[in-house]
Amino acid sequence: MKVRRSERLVDMTQYLLEHPHTLITLPFFAKRYGSAKSSISEDLGIIKKTFIARDKGFLETLPGAAGGVRFIPKMSESSALEIVEELCKRLSEKDRLLPGGYVYLSDLLGEPELLRQVGQIIASKYSDQKIDAVMTVATKGVPIAQAVAYHLNVPFVIVRRDSKITEGSTVSVNYVSGSSERIEKMELSKRSLKRGSRVLVVDDFMKGGGTVNGMKGLIEEFESELAGIMVFAESTFSGRRMIDSYDSLLCVEAVDSQTKTIKVVPGNYFK
Ligand SMILES: O=P(O)(O)OC[C@H]1C[C@H](OP(=O)(O)OP(=O)(O)O)[C@H](O)[C@@H]1O
């Protein structure tokens, strides 16, 4: 049964948004709506223009019989900055400062809309790179990793600081926790990563950098490649950070432990 253009546009848009970085052929859409490929091409032209105008990202067109379209989520830096500036205000609220220079983030990282936006912002930076997996460490990094993995359409893997028999055999590394100068251990199931994978590391917070440095070491153990490091927020750190190449969305620029206030500004993602 033939479907009208207005209905096709709604359903096609939703399908594309729900299947980022996925090649979808014209015959698939033609069959789905009982329409000619020429009509589908026109529909996709309208969606392509609208996605760009609405800062959703872009539709890659791949020519030929095995061709089709692929939706690439990509948020402009100005839209990303607008969202992050709003988050800076929320993070600067009183009573978020925790002992040791940590900041309470769990309420923010439990908000689906915020996670969707943060996932899209981080994925935007890597939309034109080959990423095979997103890696994070349990626990607070997991919702961010899931959001980024969704927008890149790749799996995410969870590193653990505690051994679980349900993870099967694992690879482990010892690392110096930058904040506490303690030797700690983290491990990842051997089944998680194929050798030669390009891995994007994400986490919720970075202080001394020991945790992300540990994940960097794990990636080496899996004979894989570190594609980048993205943290939602970084704190000021007086010591020498164990990692120097990373991006942060927010930066805790100043901490006043007397008044228990913090000043949070956009991170180096925007520099
Ligand atoms: O840069 P570093 O000095 O290594 O610190 C950043 C770590 C510490 C904290 O995790 P925890 O709160 O310890 O663990 P969880 O995420 O499980 O709450 C945060 O989520 C990062 O993973």
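Me: Buried means under 20% relative accessible area, exposed means over 50%, and partly exposed lies in between (1.4 Å probe, protein chains only). Why does Glu187 count as buried?

Reply: The relative accessibility of Glu187 is 6%, which is under the 20% limit, so the residue counts as buried. This is a predicted model, in which local features need pLDDT of at least 70 and side-chain atom pairs count only at pLDDT 80 or more, while totals for chains, interfaces and linings use all residues. Residues are numbered from 1 along each chain as its sequence is written, and side-chain values use heavy atoms, with hydrogens and water left out.

Me: What makes Lys185 and Glu187 a salt bridge?

Reply: A salt bridge is a side-chain nitrogen of Lys or Arg within 4 Å of a carboxyl oxygen of Asp or Glu. In this pair the N to O distance is 3.9 Å, so the pair passes. Lys185 is partly exposed because its relative accessible area is 38%. By the salt bridge rule the count comes to 20.

Me: How do you know that Arg5 and Asp43 meet in a salt bridge?

Reply: Their side chains come to 2.6 Å, N to O, and this is within the limit, so the pair counts. The two residues are 38 apart in the chain, with Arg5 in helix α1 and Asp43 in helix α3 (residues 37-53). Helices (H or I, at least four residues) and strands (E, at least two) are DSSP runs numbered from the N terminus.

Me: Which other residues are linked with Arg5 and Asp43 in a network of salt bridges?

Reply: Arg8 and Glu42 also belong to that network. The side chains of Arg8 and Asp43 meet at 2.6 Å, N to O. Arg8 lies in helix α1 and Asp43 in helix α3, 35 residues apart. Both Arg8 and Asp43 are buried.

Me: Why is Glu223 called exposed?

Reply: Its relative accessible area is 51%, which is over 50%, so the word applies. Glu223 sits in the loop between α7 (210-221) and β8. Its phi is positive, about 50°, although Glu223 is not a glycine.

Me: Which residues are buried in helix α6 (residues 142-152), and what covers them?

Reply: The buried residues of α6 are Ile144, Ala145, Ala147, Val148, Ala149, His151 and Leu152. Their cover includes β2 (68-73), α5, β3 (133-137), β4 (156-159), β7 (198-206) and β8 (225-234), where contact means heavy atoms within 4.5 Å. After α6 comes Asn153, with a positive phi near 60°.

Me: How many residues has the protein chain, and what share is buried?

Reply: Of its 271 residues, 47% are buried. The chain has 7 helices and 10 strands.
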